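Please open the model in a viewer and keep the selection panel at hand.

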Amino acid sequence: MKITMKEVTMKFNDVTALDQLSVDFEPGNLISLLGPSGCGKSTTLFLLAGLHQPTAGEIYFGSQLMNQVRPENRGIGMVFQNYALYPHMTVQENIEFPLKIKKAPEKERARRAMDMAELVKIGELLKRKPRQLSGGQQQRVAIARALAGSPKLLLLDEPLSNLDARLRLETREEIRRIQRETGVTTIFVTHDQEEAMSISDKILIMNAGHQQQFCPPQEMYEKPANAFVAAFLGNPPINLMEAVCTDAGMPGIRLHTMEHAVPLTDVFREALPTGQRCQAGIRPEDWFVTNDTAHTAFTGKVIHKETIGRDTLIRIERDGVFVRALVQPQANILLGDSISLGVQSGKMKLFHIDTGKAYA
Ligand code: ATP
């Protein structure tokens, strides 16, 4: 079912938690709501669940206006970070609960609980109480319970945050599998960019109640709408530094206090006149080590070096400006070396110096 939010605003007294959010969530998609603490993720989820009434704007499920529809009549399943299982009930009773409320016959409830337990792979745990389960198992029960009532929309509020790193990884893969198998439209709240990148069809990234970008993860990584999005995605993070557009025979971008300019690619030429200051963004993996001044974008002294999986992460410094780069271990770079880095063709991102808006 398609979900539409149309200019939805939510105010709590003088705090605007959500400011004119307009977005369409496609049927069967898994959408992550991503952003820093306080950006309005949970507020958005609560609005969809009907637990808050918007101050302004409209929410549609399909073509039906939902603003006045009570939470229990919205056809949603919800999973919270603390699982919120009923401690005195068995796993089976927990999963059956939404069906009991709907007064479904006992036999049907039991069959559905069994099916859901198998879907989330806890079929052998039906007779246990929640306290006899691990965190990961409890989370599966919570998901089974949320799905038992055949919701049209599944809302997950930071469902992995109480799990350890390895279980987080396994459980997020499981959530993706279950979501694909059931085809239920799912909204997944997280502040973890890696989680959002790995699990979603699309990411809605927000900051201080404002939508920043809404698109598939790879597109967001490669073409961030602004410097905030660029900085929020990626680990190690993107390098952002001041730059200026020059024209010494050919349009180019000079980073920081560098003498040399990197040729300006066609996409930026029209937007950036000579002398225009801007913010350049270069991801750590988009540098290459070079001895050729014609390719040099940044030169500095290596002040830190560490191994990250197959790559080596180095930090280089020049006049108080720091740059992170991922390089091949074979490059044999030593602490204290002075090295030059070039930027892979087409990989430099440029943002407006004041607004942070992307130029291309
Ligand atoms: P977190 O990642 O910390 O959960 P979030 O992105 O989910 O954050 P929200 O919980 O949606 O953020 O909060 C958005 C803003 O609205 C915050 O400034 C918060 O303090 C405020 N807010 C949320 N709920 C209420 C409330 N019931 N009363 C007053 N202010 C609220």
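How many helices and strands are there in the protein? The protein has nine helices and 20 strands, where helices (H or I, at least four residues) and strands (E, at least two) are DSSP runs, numbered from the N terminus.

The model is predicted, so local features need pLDDT of at least 70 and side-chain atom pairs count only at pLDDT 80 or more, while totals for chains, interfaces and linings use all residues. Residues are numbered from 1 along each chain as its sequence is written.

**Stop 1: the whole protein**

Display the C-alpha trace first. Along its principal axes the trace spans about 80 × 45 × 35 Å. Of the 360 residues, 39% count as buried; a residue is buried if 20 or more other C-beta atoms lie within 10 Å of its own, exposed if 12 or fewer, and partly exposed in between, with C-beta atoms placed from the backbone. Among contacts between residues at least 6 apart in sequence, 65% join residues at least 24 apart. Two residues are in contact if their C-beta atoms, placed from the backbone, lie within 7 Å.

**Stop 2: the ligand shell**

Select the ligand next, and then its surroundings. Which residues are around the ligand? They are Phe12, Val15, Ala17, Gly35, Ser37, Gly38, Cys39, Gly40, Lys41, Ser42, Thr43 and His191, a residue being near a molecule if its C-beta atom, placed from the backbone, lies within 6 Å of it. Colour β2 (15-25) and α1 (41-49): each supplies at least two residues of this shell. The largest share, three residues, comes from α1. By class, the shell has four nonpolar, seven polar and one charged residues. Here Ala, Val, Leu, Ile, Met, Phe, Trp, Tyr, Cys and Pro count as nonpolar, Asp, Glu, Lys and Arg as charged, and the others, Gly among them, as polar.

**Stop 3: along α1**

Stay with α1 and show its side chains. Lys41, Thr43, Thr44, Leu45, Leu47 and Leu48 of α1 are buried. Phe46 also lies in this helix, but it counts as partly exposed because it has 18 C-beta neighbours inside 10 Å. Leaving aside residues up to four places away in sequence, Phe46 touches Leu51 and His52. Just after α1, select Gly50, which takes a positive phi of about 85°.

**Stop 4: α2 and its two partners**

Two packed helices are described by the angle between their axes and the distance between the axes. Select helix α2 (residues 91-101) together with helix α4 (residues 135-148): their axes come within 7 Å and cross at roughly 25°. Axes are lines fitted to C-alpha atoms, for helices over the stretch in contact, and angles run from 0 to 180 degrees between N-to-C directions. The helices α2 and α4 are therefore roughly parallel to each other; angles under 35 degrees count as roughly parallel, over 145 as roughly antiparallel, 65 to 115 as roughly perpendicular and the rest as oblique. On the α2 side the contact is made by Val91, Asn94, Ile95, Glu96, Phe97, Pro98 and Leu99, and on the α4 side by Val141, Ala144, Arg145 and Ala148. These residues divide into eight nonpolar, one polar and two charged.

The axes of α2 and α3 come within 9 Å and cross at roughly 125°, which makes α2 oblique to α3. Gln92, Ile95, Glu96, Leu99 and Lys100 of α2 meet Arg109, Arg112, Ala113, Met116 and Ala117 of α3. This contact divides into five nonpolar, one polar and four charged residues.

**Stop 5: Gly342**

Move to strand β19 (residues 338-343), in which Gly342 is found. Is Gly342 buried or exposed? Gly342 counts as buried, because 20 C-beta neighbours lie inside 10 Å. Beyond residues up to four places away in sequence, Gly342 touches Trp287, Phe288, Thr290, His295, Thr296 and Ala297. Gly342 and Ala294 are 48 residues apart in sequence and 8.9 Å apart in space, C-alpha to C-alpha.

**Stop 6: His256**

Finish in the loop between β12 (251-255) and β13 (262-263), the place of His256. With 18 C-beta neighbours inside 10 Å, His256 counts as partly exposed. Residues up to four places away in sequence aside, His256 touches Met241, Glu242, Arg318 and Val321. From His256 to Glu242 the C-alpha distance is 5.4 Å, across 14 residues in sequence.
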